[in-house]
Amino acid sequence: MKLVCLSDNPSKPCFVLFFKGVRIMLDCGLDIKQVLHFVPLLVVPGFQVSKAHSWSQGGDKRNRVPDEVVQELKDCGGRLLVDGAPEFSIPETGIIDLSTLDAILISSYSCMLALPYITEYTGFKGTVYMTEPTLHIGRQYMEELVMYVERNPKSNVASHWKQDIILKNLPTPLRDAVNPRQWRKLYTLHDINSTLSKVQLVGFSEKLDIFGALTVTPASSGCCIGSCNWIINSKYEKICYAAGTSTLTTHPRPVDQAPLKNADVLILSCLTQTPLSLPDPMIGEFCVNAAVTVKNGGNVLVPCYASGVTFDLFECLSGHLEQCGLAGVPMYFLSPVSDSTLAYSNIFAEWLSSGKQAKVFLPECPFPHADLLSKGRLKNFSSIHTGLTTDFHTPCILFAGHPSLRMGDIVHFIELWGNSSANTIIFTEPDFPHLDALAPFLPIAMRVCYCPIDTSLNFSQANKLIRDLRPLHLVVSELYIKPPLMEPLRNDLTIDFDPSPLTYKQGEILSLPVKRQFETVEMEPELANTLEPIEVKPGSAVSMVTAALVAKDNKYILQKLPANIHLTRKRRSDGSLLWRKPYIFGAPSLHEIVDALKQYGFNSLKVEENESGSIIHLVKEDSLIQVDGNSTHIICDSEEIRLKLKEVMLKCLKQL
């Protein structure tokens, strides 16, 4: 059994598991962090271009890069960025042949954004398994990303700067870009539709058969709507894959731990990206900062995704504004898929927590944003060009994408509001370092707040979960067994497990410590009727069987031999028959051996017992028989007597 890691970001995982001849991909995350190396895509022409200027090289003339490379780079706010179509770091595709994958298991919509790169460009012919909310919300995430890129396209694809000889002469952080040659342009809407046509929907606790070899079952992970952990079972082995698990009480259905217990191997990924920041205090800080800003007449800008924790922010912020007497402050939600995300969240009641489900039977909408929309406190728009200009009031709180600040309507509003210190931008998504995201827009006057909200397991919760699940072996990222770089002495921010967990990193192939020892074989009734079992111990019987073993769809069946097949005795090369050895078994008692010896005429016997067993001394024959719990040894110089003693011992044992 082997596990291959194809991603260098444990929060955007991608693995391939080799188990019983089946190849299963676990998640297919897309690392969008690399887009921070690109110039932001403009929504309204003229803003960002005024700040970006050509890169003027300095230093040694011998290290100067060619002019075609200089044309691909821009200096934005003191940071060197690539002026070209944004590219993304996809999972490693050169280690194994991805066209041989049998299935892909997706745990959540945040771990599937690289799926079109796998299903459309590698010859993939298998099936993708995910829950219904993961399919629909994942589609929205991918479509939003495509719309952001395609509605403000860059005509040129920058590639000259990626050459190794040039890359090492560029300033940081661009010089430290990870494997830029493997970055790819974003897929298209056609690719998304083609990819999702290969999806088979599953429900929690539904057992899925993979070619008769394995059974896979999703169980709620409690992280987001429809997110799940996967249990992969054979008849005798159990592998659990836990990604993006949360034990907090939020809007998704709570985590189901029972199916994950007592696994042979537990693969753990997607732990919190902000181990020093707890979600509840961060939500409280977010609400306070937003309320203070609008109370003072400023606007609040929130870079966000189209789903996930954004729904919780709507709920918490609206309640806090009411308490502060600011219920009249409007909230705007800008996203190309805002209509569908808000609508879908209210129809997935069976995938929500019990509190949210209860509201459906009142009947009420499970999320308060439906009520906020009806009262006009929350308004959603697909872009700044579709009605926003005619129905926009300040001060306000604006939720917009993309959290990277490299695309989407957020780029325009940073330019619009960034020069006023009365305004505030609040970062809540942990996927991107907020200072790196803001770098192209510096200097900036607006207030910057960082309130990262990550509901995934922190290290304390993860260690408790591991103790409760009691796996035999644990597999985690190598980043999880070392303290964070900013807190090198915080050993409590690591995974603690005995024995030491196996660690993975991109491009590494792990041999999992699970060895297959047994296989289930079924027997046809006709063959079973011909057997004559012999009891070897109370409750257990054995029998010799000659049959045809049929292997089909990874299932094994013993069938009665056809009538036209005649069994013949095996012969040596010279034609003589081979002696058919019987199968000997049993554990005769000392009393049985002594009685048998006397029947064969061995009467001069002395029996001695010790800690390890017994010794029978044949005085007249000058021979010894040593008997212990597991074996019997005959010590005799006479070949004639030795053969006679052998007959005695065989008489005491059973034969098949």
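1. In this predicted model, the side chain of serine 197 comes within 2.5 Å of the backbone oxygen of serine 194. Serine 197 belongs to the loop that links helix 5 (189-196) with strand 11 (199-202). With a relative accessible area of 57%, serine 197 counts as exposed, because the cut-off for that class is over 50%. Threonine 127 stands 70 residues from serine 197 in sequence, yet their C-alpha atoms are 9.6 Å apart in space.

2. Strand 21 (residues 424-427) is flanked by two parallel partners. Strand 17 (residues 300-303) is joined to strand 21 in parallel by two bridges, and strand 22 (residues 447-450) pairs with strand 21, also in parallel, over four bridges. Isoleucine 425 takes part on both sides: leucine 301 lies opposite isoleucine 425, and valine 448 is the bridge partner of isoleucine 425 in strand 22.

3. The side chains of strand 21 divide into two sets, Thr424 and Ile426 pointing one way and Ile425 and Phe427 the other. All four are buried. In a regular strand, side chains alternate between the two faces of the sheet.

4. The largest nonpolar core comprises 134 residues, and Met25, Leu26, Ile397 and Phe399 have the most contacts inside it. Helix 3 (residues 132-150) supplies the largest share of this core, eight residues. A separate core of 21 residues includes Ile231, Leu465, Leu474 and Val476.

5. Leaving aside residues up to four places away in sequence, leucine 26 touches Leu3, Pro13, Cys14, Phe15, Leu17, Leu105, Ile232, Tyr241 and Ile267. In soluble globular proteins, nonpolar side chains tend to be buried together.

How values were computed. Residues numbered from 1 in each chain as written. Predicted model: local features only at pLDDT ≥ 70, side-chain atom pairs only at ≥ 80, totals over all residues. Heavy atoms only, no water. Core = buried A, V, L, I, M, F, W, Y, C linked by side-chain atoms within 4.5 Å. Buried < 20%, exposed > 50% of the residue type's maximum accessible area, 1.4 Å probe, protein only. Contact = heavy atoms within 4.5 Å. Pairing = 2+ DSSP bridges. Polar contact = N/O pair within 3.5 Å; in protein donor to acceptor, adjacent residues only side chain to side chain.
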